[in-house]
Amino acid sequence: MLFVKELTCEYRKNLLGTDVKIPRFSWKIESEKRGTYQQAYQIQVTGSAGSFQCPIWDTGRVESEQSIQVEYAGTKLQSRTRYHYRIKVWDNFGRESDWSELSWWETALLSTNEWRAQWITPDPDAIDPHSKAVFLLRKSVHLKRGIVSARIYATAAGVYEIYLNSSRVGDDLLAPGWTSYLHRHQYQTYDVTHHLQSGMNGIGIMLGDGWYKGEVSFIPRRNFYGDCRAALLQLHVQYDDGTEELIVSDSTWKSSTGPILLSEFFAGETYDARLEKQGWTEPDYDDADWNQTLALDLPMNQLVAQENWPTRVTETIRPKNIIQTPSGDTLLDMGQNMVGRIRMRLNVPAGTCIRLQHAEVLDKEGNFYTGNLRSAKQIVKYIAKGGGVETYAPHFSFQGFQYVKVEGFPEIENDHNLLLESFIGEVIHSDMEPTGDFECSHPMVNQLQSNIKWGQRGNFLDVPTDCPQRDERLGWTGDAQVFIRTAAFNYHVGPFFTKWVRDLKADQKPDGSVPYVVPDVLVDFVRRSGKKTWGDETYTSSAWGDAATICPWTLYLCYGDTRLLSEQYDSMKAWVEYIRNQGESEYLWNTGFQFGDWLALDAEEDSYYGATPEYLVANAYYALSTRILRDAAAVLGKEEDVHIYSKLLEEIVAQFHENFVTSDGRMTSNTQTAHILPLMFDLVEGEVRKRVACDLDELVVQNGYHLTTGFVGTPYLCLALSSNGYHSTAVKLLLQESYPSWLYSITKGATTIWEHWDGIKQDGSFWSDAMNSFNHYAYGAIGDWMYRYVAGLDMDEKRAAYKRIRIHPHFSSGELTYARASFISLYGKIESNWSVDNNQIIVKVQIPANTTAEIILPGASLSNVMEGNLEWNIVEGIHSANEVEGGARLLAGSGSYYFTYPKHQVFEKGYANMLNSH
Ligand code: BGC
């Protein structure tokens, strides 16, 4: 049995509306035989007819192991065309699979010349462009009989929803999403074949301010990208007689306002149902008293088809509880700090105003607390029209919350059941495919993993934001880079970060500096207003700007995306060259503003800046970025650059030693982070490395197994310990429950990751209103270590995308009795699953077809490892094995394996802590 499954084009099954001109295909292979790999493949692509009689591309049999990111190389693709494709493979056992099931992708508009529509906005003389009300745009159109297919291509300067004949088109939210609109603006494609009818049809667009024009940061400024909202829509209808009709947005459309009086990310939404324009997207709606629209001259050449996963409701949550607070408020407790909105279902008299206010936590006394939201109000008001059941959820706003204060609900005092039934939470984020799971024997660690995932869901709302609740919600580059590897375990973040790194590149300054946030809505404003925030003239910082190198590199590692790497290469290089121009010497960055180890606990009282010298951090990252650039150059075959950046790296490392390492091989700074970075970025070797690792261990032990690290040190702390022989210290840090620690927040009821270790202090008071998010994913970056070290699911970075897998569980003496991780790579599912019982160790492994694995079994010797009932050397799929210091190392092909060996060897000999991956 050999078959091909789960075909994807540009990471998506059945991708509707892409403008990628040379799409890439990936597929997975299923085989019951161990050690299966692909010998050859054949791809066939056909045009819209779906028949393979005369394919537009037939590779024939191609001798190749490549089964991911295979580029289309057929005839030039046409716009607005659905292509079907199928794949078959041959394997190393001489077997030939059947053709796979058909998959398809569909092109959108491959050239911006194909836009016939005009950007339209309500006549400003009739409707104030700065009104906060959501605008309605409409038109009725006549269509002939025999509609066979219809597509809408649409976007907005603002955020939009489309309705056809009174029903909503698509289920995506907050389209077109947030890009660096000055350079790139996404449009969406909708299949509306079944929304249309012959005869008259009504088309309507709801248009809100969104990121384009609403408040997007703590700087009180609107209209960042432009003064006028606008919509752009093009409807193509195909008939059975082969003809086509085009309907476009233009100044023949009409405009008005409706029930939504306000809809903003931070403020919330106000909806007066009494102002609904009944039937406004019905074909026969009378819009005689509506206003005109105007065509606007907004750019077309920045339009790109949707790149990211769409933003959607991915889960609904019923409130768990009703709480009456000491100060008399009635609250819904969702039982989970979530991001999204509340949908209500009511039957109340006309004019009843239901007011919902959203907050993340209760204060020490158990009262509703909104201090940490700063100027974000998170208030949703619904004014009922009466006369029956009404359902409503906000359109262009989202809130970060666990608690919802309900006011104005008529039955509030006596009917809690009705309250619970009337409201439901809708979780909203980029609808990324889930790919990873981690679980172990410690329930609080499992809660931590859940908090990490919820932190990711809440903050991956089209851009990777720092937090989803206060007046910030920005694409902070530092936060994104520390978390990306963890993120790439939990969910498929290929499309998500592809879009974001392109925005990073678009927003990078001519001098190569990378703004603090992407899309960049801080820098230009700060410059223009003459206001100075952090730093003076530089609006960049190490560890933040390094997102430019780290993110594309991580996408390359996790998904083998060399195309993106090559696209981003200039941006990566510009960042390294920017740094090179900053310091007093080109090998040392010792000037300008730095965030440093942001929020570390070793900061001075009332300071956000950790004690690790800022330029130690800057130079460690300078080395890391240079190393990544060199490695990227090697992958892309840029030999000259490999040479240049190898040399540069050597010099940077030498300068690092000169400035930050003493002559007897110790770090000049005694913070944990100062020790973590050189270990992680390979800035120390040999005896010095051992010394630094030992000092780091001691720093943690002396601090009673507590961390002191901030944004820069925390993500790597456990990795640095485990990979240098101190895994049991790392595990003690993981399992630490007393403050400060990862589990401390869980003892305080956290269901997401906090911004501060002491967001809620031991006495129940808060850190400070000024900056205290309870949903900030950065410290969730420990997830990477949990997958790679605790469960032992990792890759050989020389063979990207998990083509060569590394399974290397790390046991800890007794604290954890099992750990298991799974990850759906582009090749298929990988599993690493270990457990320790009374006298034996069990390691279960799953390796997908067309990959191989290096499996390290700590404490095993070849003489006593069994796989199932067999000794390793007669096991099918195991190519070779040898003993290494502290264990056995097997090289295996694909398949599922079940290894057992005696436990005493591991723990009595202390192997659990001896093995490291160096
Ligand atoms: C954000 C952080 C960010 C930091 C940089 C904060 O306001 O919430 O996560 O990285 O600023 O200073």
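**Loops, helices and ligand**

User: Between which two helices is the loop that holds Pro519?

Analyst: This is a predicted model, where local features need pLDDT of at least 70, side-chain atom pairs count only at pLDDT 80 or more, and totals for chains, interfaces and linings use all residues. Residues are numbered from 1 along each chain as its sequence is written, and side-chain values use heavy atoms, without hydrogens or water. Helices are DSSP runs of H or I with at least four residues, and strands are runs of E with at least two, numbered from the N terminus. The loop with Pro519 runs between helix 5 (494-507) and helix 6 (523-529).

User: What is omega for the peptide bond from Tyr739 to Pro740?

Analyst: Pro740 sits in the loop between helix 14 (727-735) and helix 15 (742-747). The bond from Tyr739 to Pro740 is cis, with omega near -10°.

User: Which residues are around the ligand?

Analyst: A residue counts as near if one of its heavy atoms lies within 4 Å. The shell consists of Asp466, Arg470, Glu472, Trp476, Asp479, Trp544, Phe595, Trp598, Phe711, Glu755, Met771 and His776.

User: How far is a polar side-chain atom of His776 from an oxygen atom of the ligand?

Analyst: Polar contacts are pairs of N or O atoms within 3.5 Å; within protein, one must be able to donate a hydrogen and the other to accept it, and sequence neighbours count only if both atoms are side-chain atoms. Arg470 has such an atom 2.7 Å from a ligand oxygen, and Glu472 has one at 2.6 Å. For His776, the distance is 2.9 Å.
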